[in-house]
Amino acid sequence: MVRYLRMFRAFAASEFQFEMEYRGNFYLSIFEMFLVIGTSIGAVLIMFGHTTTMNGWTLPEMIVLLGVYYLIQGGVNLVFSPSFERLMEHVRVGTLDFHLLKPVNVQFLVSTRHLRVVRAADLGLGLVVVIVGLLQVGAQIGVAQSLLFALSLFFGVMLVYSLLLGLVTLSFWFVRVENLLAIFWAFTEAGRFPVDVYPLWLRVSLSTIVPIGIAVTAPANAIAGRMDAVGVALLGAGTALAVGIASALWRRGLRSYTGASA
Amino acid sequence: MYAVTPMDAPVVDVRALRKVYRVTERETGLAATFRSFVRRRYREVLAVDGITFHIDAGEVVGFLGPNGAGKTTTLKMLSGLLYPTGGEATVLGHVPWRREGAFLRGMTLLMGNRSQLVWDIPAADSFLVLKEIYAVPEAQYTRTLDELTDLLDLGPLLHKPVRGLSLGERMKVEFAAGLLHSPGVAFLDEPTLGLDISMQGRIRRFVAEYNRRSGATILLTSHYMDDVVALCRRVIVIHHGVLLYDGALADLAERMAPYKRISVTLRGTVGDLSTYGEVVSSNENLATIHVPRAQAAERTARLVRELGDQLADISVEDPPIEEVIDKVFASERPLAEAMA
């Protein structure tokens with residue numbers, strides 16, 4: 001465990017170097033982030049100019065949810081999506097071999113090797129949005145509630161991770177899966193709103209096929225005191241199952257890669 | 001510091017190793033492309049057809065064969081990247097495709113056409129990542145890096161982004177990256193590919209010196225015979241996935257080329273020399289004659305005696321190794337038949 005943490009620290013340090021190589025890009029990403037979060041808060045404010053609640057969600061609660069959305073997105077975009085982008089490239093070019101030669105868990109290596117350090121700012125801003133929302137809600141947040149929130153946030157990120165891993169694993173068979181990922185990201189956009197505002201068919205797919213709805217709504221519910229420990233435990237079990245299935249698929253994909261590649 | 005195996009056990013032990021690929025096949029044209037998208041047709045390609053060999057600790061062995069002979073497939077099976085279709089192999093006492101930690105820490109695979117370094121950052125930063133991945137202790141890391149820096153003259157290269165390095169410089173840092181964990185076995189796949197003559201020489205000297213200092217076992221493939229001549233006393237030749245020759249490089253010419261080459265320089269123009277052997281080239285006062293190996297001494301003596309004062313210079317040698325290898329690979333017949 002300590003070894004893997006040390007490894008992760010080395011990855012982060014090396015990727016920080018990488019981003020410092022392209023400083024212009026770094027500043028642009030930060031600017032882009034303010035723009036994106038600003039406009040989506042704007043959209044929510046406009047919507048609530050016409051109504052006071054949306055299927056039981058008040059404006060402050062919606063702000064909290066939006067913050068959670070960016071926390072989850074930030075977590076995924078900080079580590080997993082840059083790593084997976086490289087993974088698909090490695091599969092195409094054949095440099096995945098170098099990862100397979102390393103005496104470490106290959107799934108860990110391909111999931112965390114590359115970071116987009118600038119996305120850590122998303123996490124920070126997401127947290128600010130959550131806090132602002134909570135202040136508006138005016139609720140008292142206890143230790144237990146914060147703990148449940150942190151846990152469900154972690155589960156949410158891992159839920160999205162398992163789906164991403166499953167999708168990129170398909171690149172072993174199809175080589176190019178960028179289009180699938182584009183569909184995936186389009187779906188995650190829907191996570192900006194609570195999953196229960198959508199019609200049934202979309203609610204079901206946002207909770208099962210692309211569980212971003214669950215991943216975002218659950219932590220927002222947890223901090224708002226609408227989800228108890230049992231709910232969070234269920235979420236944890238579901239997440240563990242999803243990660244297990246994705247890992248199994250990954251191992252199968254890897255076997256087919258080492259069984260056939262030239 | 002290096003992976004330890006019993007003294008008498010071979011470091012690389014390969015028995016009847018086989019690999020069959022299933023490849024998709026399709027005809028050209030849009031309709032055929034569509035058909036193959038809907039329903040793929042497969043064809044089996046035999047890449048490695050039951051090869052057997054052993055390599056002892058500290059040996060540097062050249063692995064020769066034309067493109068598509070099965071060299072890279074074999075190296076990939078030996079480094080655990082591919083499951084074989086049949087046969088057995090152990091490297092450092094481990095079955096490679098089980099990918100055990102002790103095996104992976106004890107070996108390295110360097111490919112001349114692929115890079116493991118991150119393009120946009122200096123090699124030194126990538127090295128730190130490798131240090132953590134292989135859990136190399138601080139003191140050992142410093143010592144190894146110092147040694148590699150010294151041997152490869154890496155000093156000025158380590159802190160420049162890799163994309164700014166020349167091909168030769170990049171290969172040097174690739175070597176360092178692959179050897180940071182002091183592997184006991186190194187598989188080198190075309191390590192001098194595309195390098196200029198002086199850089200090829202540089203890499204060769206490094207490999208020889210590294211082998212001498214560390215005692216690492218090295219299996220090397222290369223298209224440049226100079227690499228093999230400079231580094232390997234022993235060569236393994238494969239063609240169409242079949243092992244053709246395994247033995248001393250010095251004996252390869254004798255076994256595979258049944259002739260010697262006599263070069264003569266005359267004081268006047270060259271007349272008809274075909275009575276001495278097969279004249280393969282002649283212009284003005286230079287001629288090259290191939291003669292059966294067994295008769296080389298007698299023919300040379302005759303040339304000296306009969307040409308007398310006309311003769312300015314004469315030399316007898318084995319044909320160049322490239323020529324020998326070329327001849328072997330050009331023939332479709334397996335060598336066993338050719339030699340029978």
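Angles under 35 degrees count as roughly parallel, over 145 as roughly antiparallel, 65 to 115 as roughly perpendicular and the rest as oblique. The views below come from a predicted model, in which local features need pLDDT of at least 70, side-chain atom pairs count only at pLDDT 80 or more, and totals for chains, interfaces and linings use all residues. Residues are numbered from 1 along each chain as its sequence is written, while chains are lettered from A and ligands numbered from 1 in the order in which they are written.

**View 1. Helices H3 and H11 of chain A pack against each other.** Helices (H or I, at least four residues) and strands (E, at least two) are DSSP runs, numbered from the N terminus. H3(A) spans residues 59–93 and H11(A) spans residues 212–223. Their axes lie 9 Å apart, at an angle of about 130°. Axes are lines fitted to C-alpha atoms, for helices over the stretch in contact, and angles run from 0 to 180 degrees between N-to-C directions. H3(A) and H11(A) are therefore oblique to each other. Their crossing is right-handed; a crossing is left-handed if the near helix is turned anticlockwise from the far one by less than a right angle, and right-handed if clockwise. On H3(A), the contact includes Val64(A), Val68(A) and Ile72(A). Two residues are in contact if their C-beta atoms, placed from the backbone, lie within 7 Å. The contact of H3(A) with H11(A) has 10 nonpolar residues, 1 polar and no charged. Ala, Val, Leu, Ile, Met, Phe, Trp, Tyr, Cys and Pro count as nonpolar, Asp, Glu, Lys and Arg as charged, and the others, Gly among them, as polar.

**View 2. H3 of chain A also meets H6 of chain A.** H6(A) covers residues 120–137. The two axes come within 7 Å and cross at roughly 165°. That makes H3(A) roughly antiparallel to H6(A). This crossing is left-handed. The contact of H3(A) with H6(A) counts 17 nonpolar, 8 polar and 2 charged residues.

**View 3. Chain A touches chain B.** Chain A gives 23 residues to the contact and chain B gives 24 residues. On chain A, H1 (2–21), H4 (96–100) and H12 (229–260) each supply at least two residues. H1(A) provides the largest share, 10 residues. The side of chain A that touches chain B holds 12 nonpolar, 6 polar and 5 charged residues.

**View 4. Six strands of chain B form an open, mixed sheet.** The order is E5-E6-E7-E3-E8-E9. Two strands pair if DSSP finds at least two bridges between them. E5 (107–111) and E9 (242–248) of chain B are the edge strands, each pairing on one side only. E8(B), residues 234–239, runs antiparallel to E9(B), joined by 6 bridges. Ile238(B) stands opposite Leu243(B) in E9(B). Helix H2 (residues 71–78) of chain B lies across several strands, including E6(B), to which H2 runs at about 155°.

**View 5. Four strands of chain B form an open antiparallel sheet.** The order is E11-E12-E10-E13. E11 (278–283) and E13 (311–317) of chain B each have a single partner strand, so one side of each is left without a neighbour in the sheet. The twist averages 15° from one strand to the next. E11(B) pairs with E12(B), residues 286–292, over 5 bridges. Asn283(B) stands opposite Leu286(B) in E12(B). Helix H10 (residues 296–307) of chain B packs on the sheet, touching E10, E12 and E13 of chain B.
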